[in-house]
Amino acid sequence: MAVREVHASAITDAVKKLCLEANWNLEADMLRAFDRALATERSPAGRQVLQILQQNAEMARSRRIPYCQDTGYTVVFIDVGQDVHITGADLSDAIDEGVRQGYREGFLRTSIVADPIFERRNTLDNTPAFVHTRIVPGDQIRIQVDAKGGGSENKGRHAMLKPSDGIEGVREFVLRTVAEAGPDACPPGIIGVGVGGNFEYAAILAKRALMRKVGQPHPDPRVAAFEAELFEQCNALGIGPQSLGGTQTVLAVHVETMATHIASLPVAVNIECHAHRTGTRVI
């Protein structure tokens, strides 16, 4: 197969548009999740919160303003076809330039500090993005963006469990993480769970789990059944929308797994708040 050339400017333009549209327009799967939650929620306060969130989403869409004032870390998952040759600029630079243009043109809040320990000075353009790159078959580039809020991100947790802890150990860790997050994670949201891999890859699995369509079950029926159990058990915690009590603490639980060492059981939980702002482009 002939190599297909893609100019870096096409990547920059796609990332810019994804940053803008993700902050303005919640995707259809998320809006449907609000509808399902509203149909199920028993608490009057919880129902009122869900109705306000729906109204907020419509105002953000119609007025082209951010759904939430925390316009997030820019997390980018990019799958680059092995038959693609990117020209014109470095891939990381092209992505950051797209973030820079999007956040400036959209007057989106910039939330990234260059140095995490000492000066913590804002970079003023929301760069750098946090990029996860895979080389895949084909001649296309698939870009997914998540504008990930800091409040929910801060409530993520990681553990290196013992293999003997098994599925019950994973369950207990997930439920404890959701319970301890409480109002700080701005429920109802999506729970991404990564099980397996190694120390760092479990966290990437948990983040990648959030990029699945909301409520789409895992293709492995055993994992899908575990997701359904966790969904029911998280909602049984009674935290409810915005922690005012209710039956809809989470809108979905997504679990991703991979192979791991015989002596390890890594688990990571990454929580997405109700401002689940994602988008996808294929070049």
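Q: What volume does the largest cavity have?
A: The largest cavity has a volume of about 80 Å³. A cavity here is a set of points on a 1 Å grid over the protein atoms alone, where a 1.4 Å probe fits but cannot get out. Points are joined across faces, edges and corners, and the volume is the space filled by probe spheres set on them.

Q: How many cavities of 30 Å³ or more are there?
A: The count comes to one.

Q: Which residues line the largest cavity?
A: Among them are V178, A181, G189, I191, I271 and E272. Lining residues have an atom within 4 Å of a cavity point.

Q: And which elements give two or more residues to that lining?
A: Those are α6 (166–181), β7 and β9. Helices (H or I, at least four residues) and strands (E, at least two) are DSSP runs, numbered from the N terminus.

Q: Before we go on, what kind of model and numbering is this?
A: It is a predicted model: local features need pLDDT of at least 70, side-chain atom pairs count only at pLDDT 80 or more, and totals for chains, interfaces and linings use all residues. Residues are numbered from 1 along each chain as its sequence is written, and side-chain values use heavy atoms, with hydrogens and water left out.

Q: OK, sheets. What order do β6, β7, β8 and β9 take?
A: The order is β6-β9-β7-β8, in an open sheet with mixed pairing. Two strands pair if DSSP finds at least two bridges between them.

Q: Which strands stand at the edges there?
A: β6 (157–161) and β8 (250–260). Each has a single partner strand, so one side of each is left without a neighbour in the sheet.

Q: How do β6 and β9 run, parallel or antiparallel?
A: Antiparallel, joined by five bridges. M160 stands opposite P266 in β9.

Q: Which helix packs on that sheet?
A: Helix α7 (residues 199–209), touching β6, β7, β8 and β9. Contact means heavy atoms within 4.5 Å. The direction of α7 makes about 145 degrees with that of β7. Axes are lines fitted to C-alpha atoms, for helices over the stretch in contact, and angles run from 0 to 180 degrees between N-to-C directions.

Q: What about the sheet with β2 in it?
A: Four strands form another open, mixed sheet, in the order β4-β2-β5-β10. The twist averages 10 degrees from one strand to the next.

Q: How does β2 pair with β4 and with β5?
A: β2 runs parallel to β4, over seven bridges. With β5 the sense is antiparallel, over eight bridges.

Q: Is β5 mostly covered or mostly open?
A: Mostly covered: seven of its eight residues are buried. Buried means under 20% relative accessible area, exposed over 50%, partly exposed in between (1.4 Å probe, protein chains only).

Q: Switching topic: which residues form the aromatic pair?
A: Y73 and F130, edge-to-face, 5.6 Å centre to centre and 65 degrees between the planes. Rings of Phe, Tyr and Trp (its six-membered ring) pair if their centres lie within 6.5 Å; planes under 30 degrees apart count as stacked, over 60 as edge-to-face and the rest as tilted.

Q: What does the pair tie together?
A: Y73 lies in β2 and F130 in β4, so it ties together parts that are 57 residues apart in sequence. Y73 is partly exposed at 27%, and F130 is partly exposed at 36%.

Terms used:
1 Å grid on protein atoms, 1.4 Å probe; cavity = no way out; pocket = protein on both sides within 12 Å on 5 of 7 lines; lining within 4 Å.
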